[in-house]
Amino acid sequence: KTFSGKSGEKITGLRYLAKDTDGAIIGAANVTVKKSILGELDPVLSNIYVHPTLRRKGIATFLVSKVREDFPYIKTSSNVTNEGLAFFDAIDKFYAK
């Protein structure tokens with residue numbers, strides 16, 4: 001879905017899904033992309049969720065890798081849980097290599 005922001009920029013919401021072998025959704029990553037009037041993209045990983053029973057199995061890492069295929073220089077939201085901060089810290093160190 002795309003809508004206009006306060007400054008006239010276009011804002012698009014994207015969702016990346018992880019599914020199990022039966023097709024059930026087990027994780028999701030939401031990306032908000034602002035496109036300025038000049039056409040510059042500003043993507044933000046605004047949310048990531050993995051079913052609690054399936055955490056620490058690489059699903060969030062898989063989702064982030066798929067997001068980074070489309071947006072290599074994506075920023076993360078500043079509104080993150082402590083668990084999310086630890087995850088993104090580990091991911092940032094991985095991608096910094």
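Tutor: Helices (H or I, at least four residues) and strands (E, at least two) are DSSP runs, numbered from the N terminus. This protein has two helices and five strands. It's a predicted model, where local features need pLDDT of at least 70, side-chain atom pairs count only at pLDDT 80 or more, and totals for chains, interfaces and linings use all residues. Residues are numbered from 1 along each chain as its sequence is written, and side-chain values use heavy atoms, with hydrogens and water left out.

Student: What about strand 3 and strand 4, how many bridges join them?

Tutor: Nine, and this pair is antiparallel. Thr 32, for instance, has Val 44 in strand 4 as its bridge partner.

Student: Which residues touch the most other members in the largest nonpolar core?

Tutor: Tyr 16, Val 31, Leu 45, Val 67 and Phe 71, out of 17 residues in that core. Helix 1 gives the most to this core, with five residues. A nonpolar core is a set of buried Ala, Val, Leu, Ile, Met, Phe, Trp, Tyr and Cys residues joined through side-chain atoms within 4.5 Å.

Student: What does Val 67 touch, then?

Tutor: Leaving out residues up to four places away in sequence, Val 67 touches Tyr 16, Ala 29, Val 31, Leu 45 and Ile 74. Contact means heavy atoms within 4.5 Å.

Student: Last one: which residues lie nearest the centre of the largest pocket?

Tutor: Ile 48, Ala 60, Glu 83, Gly 84 and Phe 87, among 24 lining residues. On a 1 Å grid over the protein atoms alone, a pocket is an open set of points where a 1.4 Å probe fits, with protein on both sides within 12 Å along at least five of seven lines; lining residues have an atom within 4 Å of a point.

Note on methods
Buried < 20%, exposed > 50% of the residue type's maximum accessible area, 1.4 Å probe, protein only. Pairing = 2+ DSSP bridges.
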